[in-house]
Amino acid sequence: MSELAQLSKQLDQLTDLVTTIANPIPFNKVLWGRKKLADYFNCSVDTVDRIRAHEHFPKGRRRNFDSDKGGALLWKAEEVVKFAEEYVFE
């Protein structure tokens with residue numbers, strides 16, 4: 001790996017760390033969208049849709065409860081991690 005690629009990877013890791021530290025929301029309250037799920041499972045968003053089809057995948061929540069369409073689905077991070085530990089990362 002070139003020195004530039006290593007520095008880029010380290011910068012990405014630092015960015016993730018700063019984002020995590022800057023998030024004041026407790027982990028049991030954090031909501032993840034499809035992109036964050038893809039990052040967590042280290043896969044594409046299309047693959048996340050296939051993972052979500054699993055019968056035990058946590059129920060998604062809508063951002064706007066007052067709207068009929070409600071916006072994009074979100075999932076509790078804690079529930080997703082528990083699902084992954086039990087069914088994906090055995």
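These exercises walk through a predicted model of one chain.

**Exercise 1. Find which elements make up the chain, and in what order they run.**

Step 1. Count the elements. The secondary structure comes to 4 helices and 3 strands.

Step 2. The elements run α-β-α-α-β-β-α.

Step 3. Turn to burial. Of the 90 residues, 20% count as buried. A residue counts as buried when its relative accessible area is under 20%.

**Exercise 2. Work out the strand order of the sheet and name its edge strands.**

Step 1. Take the order. The sheet is open, has 3 strands and reads β1-β3-β2. Its pairing is antiparallel.

Step 2. Look for strands that pair on one side only. These are β1 and β2 (61–62), the edge strands.

Step 3. Check one pair. β2 and β3 (residues 73–76) are joined by 2 bridges. Across this pair, Arg61 stands opposite Leu74 in β3.

Step 4. α4 (residues 77–88) lies across β1, β2 and β3. The angle between α4 and β3 is about 70°.

**Exercise 3. Describe the largest pocket and its lining.**

Step 1. Start with volume. The largest pocket has about 410 Å³.

Step 2. Go to the lining. It has 12 residues, and the closest to the pocket centre are Asp16, Thr19, Thr20, Trp32 and Lys36.

Step 3. Trace the sources. α1 (3–22), β1 (31–32) and α2 (34–41) each supply at least two lining residues.

Step 4. Sort by class. The lining has 5 nonpolar, 4 polar and 3 charged residues.

**Exercise 4. State what share of the chain's contacts join residues at least 24 apart.**

Step 1. Keep contacts between residues at least 6 apart in sequence.

Step 2. Of these, 48% join residues at least 24 apart.

Methods: Residues numbered from 1 in each chain as written. Predicted model: local features only at pLDDT ≥ 70, side-chain atom pairs only at ≥ 80, totals over all residues. Heavy atoms only, no water. 1 Å grid on protein atoms, 1.4 Å probe; cavity = no way out; pocket = protein on both sides within 12 Å on 5 of 7 lines; lining within 4 Å. Points joined across faces, edges and corners; volume = space filled by probe spheres on them. Nonpolar A, V, L, I, M, F, W, Y, C, P; charged D, E, K, R; others polar. Pairing = 2+ DSSP bridges. Contact = heavy atoms within 4.5 Å. Axes fitted to C-alpha atoms, helices over the stretch in contact; angles between N-to-C directions. Buried < 20%, exposed > 50% of the residue type's maximum accessible area, 1.4 Å probe, protein only.
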